[in-house]
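These notebook entries concern the aromatic rings of one protein structure.

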Amino acid sequence: LVFMAKHFITLVVLILITACSPTSNKNSTEQFQQAGNEAEAYPQTQEPFVATPTITPYYGLDQGLLEPKNGVYFGTNINLGVDSIADFNKRLGYNAALFVQFLPFPLDAQSSRYMDQFMKEVGEQNAIALLTLEPRDGLEAVTTEAVYDLATRLSSYNLQGVPIIVRFGHEMNGSWYPWGQQPSLYVQKFQLMANAIHRNAHQTAMVWAPNYGGGYPFSGGAYEIKPSDPDFGLLDINEDNILNEEDDMYAPYYPGGEYVDWVGLSIYHWGNKYPWGENEVPETNKFYEMITGNYNGLNGDERSLPDFYNDFVIKHSKPMAITETAALYNTSEAGDNEIEIKTNWINQVFSPEIFQDFPRIKMINWFDVRKNEVEISDANVDWSVTFTPDIRNIFVNSLPMDLLIFSEEIDLPPLNP
């Protein structure tokens, strides 16, 4: 399931940037809005960022791909307003290979300083940064100048020892973001950014990450495409003048293999049946079936969805990232036990079958956040696995340590500017 709702708030001393918020894949009607406790806060850095004055054109993708030869990156999303990268690693007892962060794009002075601080913390932990860039003012605001300024900045971070994966305009097939359901312009802007990054930032890769397709076209969202829109025909794959799960909700947004280094999906257990909010143990094989488009359960028959793994990992020969995952526990509701819910989802995500049947899944990021969810009347949801000792122990003991990559095991070719 997918995630939504975020906006950028500026305070006098702190910079608050909202991160990705779990959003249902059925009947999504929420608009672009604040996501409670996911706002991360950083003090402003003392000195302004100084970009590398010269960048060398680079046309190969081998160094920018960042795909591990063996193993799967273990990563996480955390709330940096109340948490830190070092604190997460301490709670877990292991050093995550990758940390996810969200920023508006184009960058302004404050978000640029925020990114400096994030990259500094990631570098101190010898990890990889997954930078989610959100064109909150719409795709038209993504200019050539802004994109090449970004590439210069990313090049400098690379030269300082921080590998980066950029997730531009995630969940672009959803109806809740200003960049959503505009396939022509989205593809154009993704290609623009990919060209700039591949040529200039030699240890930065691009990940294309749509929303899981169950519930498509997510009717009622603020940015839902209208039949009169010129792009409607591109999305109406079967030409029946209706958008639904019979149409391919991924392919029209795919920028092309030369621009995409990774493909990804966010897959959550929000509950077993819409409307969400009840504490329920996940159905058997739910995670597996959502990857392949074979889910048929309490929330409906979604077997008409494309097989994402086959269509974009196998056919396009791309590594896959589970960019975000976790299981809902509503702290204000009764129902199934928190440990039982999370243990079940943990075991599904890290099951031997996932690693055996999907060998090109090369990254799994756990959403380790407690937050109020707009979709369930602002109820507090605990998605985390490291704050409660018993759950943390279950989580760690369930991890296939021989298959996962932590920061100490990251093995990338040397940067050759």
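The entries below record what I looked up, pair by pair.

Entry 1. I noted that the model is predicted. I then looked up the number of aromatic pairs, and the structure holds 30.

Entry 2. I turned to Y216 and F218. The ring centres of Y216 and F218 lie 5.9 Å apart, and their planes meet at 85°, so I recorded the pair as edge-to-face. The angle cut-off for that label is over 60 degrees.

Entry 3. I looked up Y254 and F312, which form a tilted aromatic pair. I recorded 5.3 Å from centre to centre and 50° between the planes. Where do the two residues lie? Y254 is in the loop between α5 (232–235) and β11 (262–266), whereas F312 belongs to helix α7 (residues 308–314). The pair therefore ties together parts that are 58 residues apart in sequence. Y254 is buried, at 12% relative accessible area. F312 is buried as well, at 3%.

Entry 4. I then asked which residues ring pairs link into a cluster. I listed F74, Y94, F350, W366, F395 and F406 as its members.

Entry 5. Lastly, I looked up a charge placed over a ring. The charged end of R91 sits over the ring of F387, at 4.0 Å from the ring centre.

Notes:
Residues numbered from 1 in each chain as written. Predicted model: local features only at pLDDT ≥ 70, side-chain atom pairs only at ≥ 80, totals over all residues. Heavy atoms only, no water. Phe/Tyr/Trp six-rings, centres within 6.5 Å; stacked < 30°, edge-to-face > 60°. Helix = DSSP H or I, 4+ residues; strand = E, 2+ residues; numbered from the N terminus. Buried < 20%, exposed > 50% of the residue type's maximum accessible area, 1.4 Å probe, protein only. Lys NZ or Arg CZ within 6 Å of the ring centre and 35° of its normal.
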